[in-house]
Amino acid sequence: MAHDTAVPTSSAADWGLLLIRLTFGLLMAGHGAQKLFGLFGGDGLTATGKGFEALGFRPGKLFAVIGGLSELLGGLGLALGLLTPLAAAAIVGVMINAMATVTGAHGLWETDGGVEYSVSIAVVALAIAAIGPGRFAVDRFFRWGSGGWGAAIVALGLGGVGAAITLSL
């Protein structure tokens with residue numbers, strides 16, 4: 001009886017997860033780059049810092065750096081599939097803060113300034129952590145690279161704790 005020793009081929013799911021990670025991760029990284037560097041039509045750090053101060057975060061520029069780096073590094077981490085639970089936590093934490101300080105008072109729908117978009121971003125990041133970054137990811141060589149409940153709990157737990165600390169300052 002012959003044994004099949006062929007290397008498994010990639011599946012549509014592998015490629016689909018890569019597409020989600022790259023699109024979502026790079027868009028989040030770009031959003032962070034808007035805050036930090038004024039790239040892609042963003043306001044840059046000084047103006048973003050003033051916006052954060054208007055929301056009650058002091059010093060605004062420091063919180064703009066934290067938010068911008070969370071989006072930039074979290075997005076790049078998700079795009080690469082690198083430290084996926086931590087990358088997802090960074091995105092989840094920023095979105096919890098956005099919901100608590102900006103969109104939460106406006107209800108659900110984005111058309112009213114509500115939480116719809118922020119919830120969607122947080123859920124996609126959390127789902128990537130739960131599913132795992134997939135075959136085409138740096139993390140596939142590490143224990144956390146397969147996703148699962150542990151990775152999802154780390155992403156949601158650290159994101160929630162980070163958001164709570166930020167909101168309490």
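Predicted model: local features only at pLDDT ≥ 70, side-chain atom pairs only at ≥ 80, totals over all residues.
Reader: Which residues touch the most other members of the largest nonpolar core?

Author: Ala125 is one of them, along with Phe24, Leu78, Ile91 and Met95, in a core of 17 residues. Two or more residues each come from α1 (12-37), α4 (84-103) and α5 (116-131), with α4 giving the most, seven.

Reader: Why is Phe136 called partly exposed?

Author: Its relative accessible area is 28%. Buried would need under 20% and exposed over 50%, so Phe136 falls in between and is partly exposed. Phe136 sits in the loop between α5 and α6 (149-168). Not counting residues up to four places away in sequence, Phe136 touches Ser10, Asp14, Trp15, Leu18 and Arg21.

Reader: How do you know which residues line the largest pocket?

Author: Good one! A lining residue has an atom within 4 Å of a pocket point, and 42 residues are therefore counted as lining. Lys35, Glu71, Val94, Met95 and Ala98 lie nearest the centre. The pocket has a volume of about 910 Å³, and α4 supplies the largest share of its lining, 11 residues.

Reader: How many residues of that lining are nonpolar, polar and charged?

Author: The lining divides into 19 nonpolar, 19 polar and four charged residues.

Definitions and conventions
Residues numbered from 1 in each chain as written. Heavy atoms only, no water. Core = buried A, V, L, I, M, F, W, Y, C linked by side-chain atoms within 4.5 Å. Buried < 20%, exposed > 50% of the residue type's maximum accessible area, 1.4 Å probe, protein only. Helix = DSSP H or I, 4+ residues; strand = E, 2+ residues; numbered from the N terminus. Contact = heavy atoms within 4.5 Å. 1 Å grid on protein atoms, 1.4 Å probe; cavity = no way out; pocket = protein on both sides within 12 Å on 5 of 7 lines; lining within 4 Å. Points joined across faces, edges and corners; volume = space filled by probe spheres on them. Nonpolar A, V, L, I, M, F, W, Y, C, P; charged D, E, K, R; others polar.
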